[in-house]
Amino acid sequence: MKICLLMVCCLLANTLPAQNIRVNISAAKAQQVYDGRLLLLVAKNNNTEPRFQISDGPATQLVFGMDVDNWKKGTPLQMDPQSFGYPIRQISEIPEGDYYVQALLHVYETFKRKDGSTVKLPMDRGEGQHWNIAPGNLYSKPVKLHISKNLKTTFQLDQVIAPIPEPADTRYIKHIKIQSKLLTEFWGRPMFLGAHILLPEGWDSHPDVKYPLAIMHGHFPEDFAGFRTSPPDENLIPDTVERFNLIGYNRIVQQEAYDFYKQWTGPHFPRVIAIEIQHANPFYDDSYAVNSANLGPYGDAITYELIPEIEKRFRGIGKGWARFMYGGSTGGWEVLAAQVFYPDEYNGCYAACPDPIDFNHYMTVNIYKDKNAYRLESDFKPTLRPGHRDYLGHISATIEDNNHREYALGSKSRSGDQFDIWEAVFSPIGKDGYPERIWDKVTGQINPVIADYWKEHYDLTNIIKRDWNKIGEKLAGKIHIYVGDMDNYYLNNAVYTAEDMLKKLTGPACGCEVDYGDRAEHCWNGDHSQPNYISRLRYHSMFIKKWVSEIPARAPAGADTSSWRY
């Protein structure tokens, strides 16, 4: 017992007092007062800046976060000893040693929403909700420090992340941005939607032709991806991609983009308008393309404001039968959800590796039956639920890891990351104006009341089954789902139960397609002929041709299915 007491005393004596760490805003172009999330980033190496070394996997370095309100420039701020950290919980627990350290302020804006809530959130500034590259965020340059109990230091936030330039129009690719009346009214400030638009070959020389619309949903696209009018760069330095165990994947990406350009402009490719939507918001890099209590009417804004405006400007047919959607992961969930919630406005969805479409399998959590999201229920053995695996089942992160990293980056669902956006989209508004928690972010304890709300509003499997007698005639033949049976995020589990339900639908039968890739990881999209690292680059060429081959069976009588097939 004496030895144990001595060890505890020694450990306490070597802890780092958080209040000895101060941060000061000193950037020349900084405003006078800030709200936001102050992050302290600590790394054992400086291969890249610490702000680029935070992840769910074993290579992650350390991050500690605290909220700040009305922080005045030139006023040093002490780090809170209770600042939540990942993967080490508190600053005082950092082992003594040499580290590279920097501080960053993720800047928040105040919104006075239509629902009466006043909330502080990080508005996207063209980067797709990435705190470490968001324009206007303040940060310090990394410094090498010996962290010990005697450390006293002040970090100067003297760097400001620069704005991101808008992409330029080209012959084939155009860009559009509109102010949404619906979203502006909801958020109490101007809100915009955008899209990158790929025009078909011959668009300018066929001024009387109107075209179908191919809509790709997914994460925030910087520009139209996978389209390149020149061969791969001969001087390109080969990169290394651990996920695919490949060297020179960047050249493969450029070659595939060039090959698609040749297909797109060739004599046999279907002539459609292809678009990639930008709908970043204060919670995430996209909205999930549905209406929600916390994000507002994004589903309506996309469907009834943005898409008609694109069709008006670029000669789209402008009818629901001539629009279809495809996407993977987040985009996979979005296209299925939009098809279900707007069955008359879209004529087909191709959902690859969709985010959980059945909350009985919310990754590895059953939100309806499990009591804790992080651990299996047990008297003595608190086994952690897995959150990420490879195709052999090797686990690199847990659900707790995913959520604790997010909680360090932002409280109140403000991390700008995966579990927080699900919460923001699927949950009702809490009394404080922020999303109600589906579970306690620290402990993982599930709130069954919120789970019931999710089920009725956003569990797509439950909604399709519940409403089939109302929407079945409009959805028959339009649903296609693809997923690898070793999806890294266990998304195949929800597809299994969804498939079982879809097979049982009658009056009419669903006529749905569900397909699985053997040992395929995230984000397999139905191509059995190519490895995942190739097929993931072929969404446009795969699904546009697939839809065009199916449209004769789903187009209404008298529809123009030929003039755009020149």
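The model is predicted: local features need pLDDT of at least 70, side-chain atom pairs count only at pLDDT 80 or more, and totals for chains, interfaces and linings use all residues. Residues are numbered from 1 along each chain as its sequence is written, and side-chain values use heavy atoms, with hydrogens and water left out.

Start with the helices. Helices (H or I, at least four residues) and strands (E, at least two) are DSSP runs, numbered from the N terminus. Two packed helices are described by the angle between their axes and the distance between the axes. Axes are lines fitted to C-alpha atoms, for helices over the stretch in contact, and angles run from 0 to 180 degrees between N-to-C directions. Helix H6 (residues 399-409) packs against helix H7 (residues 418-426) at about 80 degrees. Their axes are 8 Å apart. H6 and H7 are therefore roughly perpendicular to each other (under 35 degrees is roughly parallel, over 145 roughly antiparallel, 65 to 115 roughly perpendicular, the rest oblique).

Which residues of H6 and H7 meet? From H6 come Ile399, Asn402, Asn403 and Glu406. From H7 come Gln418, Phe419 and Asp420. Contact here means heavy atoms within 4.5 Å.

Now turn to the strands. Strands of a sheet pair through backbone hydrogen bonds, either parallel or antiparallel. Here, three strands form an open sheet in the order E4-E1-E11, with mixed pairing. Two strands pair if DSSP finds at least two bridges between them. E4 (77-78) and E11 (153-157) are the edge strands, and each pairs on one side only. Strand E1 (residues 21-25) runs antiparallel to E4, joined by two bridges. Arg22 has Gln78 in E4 as its bridge partner.

The structure holds 42 aromatic pairs. Rings of Phe, Tyr and Trp (its six-membered ring) pair if their centres lie within 6.5 Å; planes under 30 degrees apart are stacked, over 60 edge-to-face, and the rest tilted. Phe260 and Trp264 have ring centres 5.6 Å apart and planes at 55 degrees, so this pair is tilted. Both lie in helix H3 (residues 249-265), four residues apart, about one turn of the helix. Phe260 and Trp264 are both buried (under 20% relative accessible area; exposed is over 50%, partly exposed in between, with a 1.4 Å probe and protein chains only).

Phe359 and Phe426 have ring centres 5.2 Å apart and planes at 45 degrees, so that pair is tilted. The pair links distant parts of the chain, 67 residues apart. Phe359 sits in the loop between strands E22 (349-352) and E23 (386-389), and Phe426 in helix H7. Both Phe359 and Phe426 are buried.
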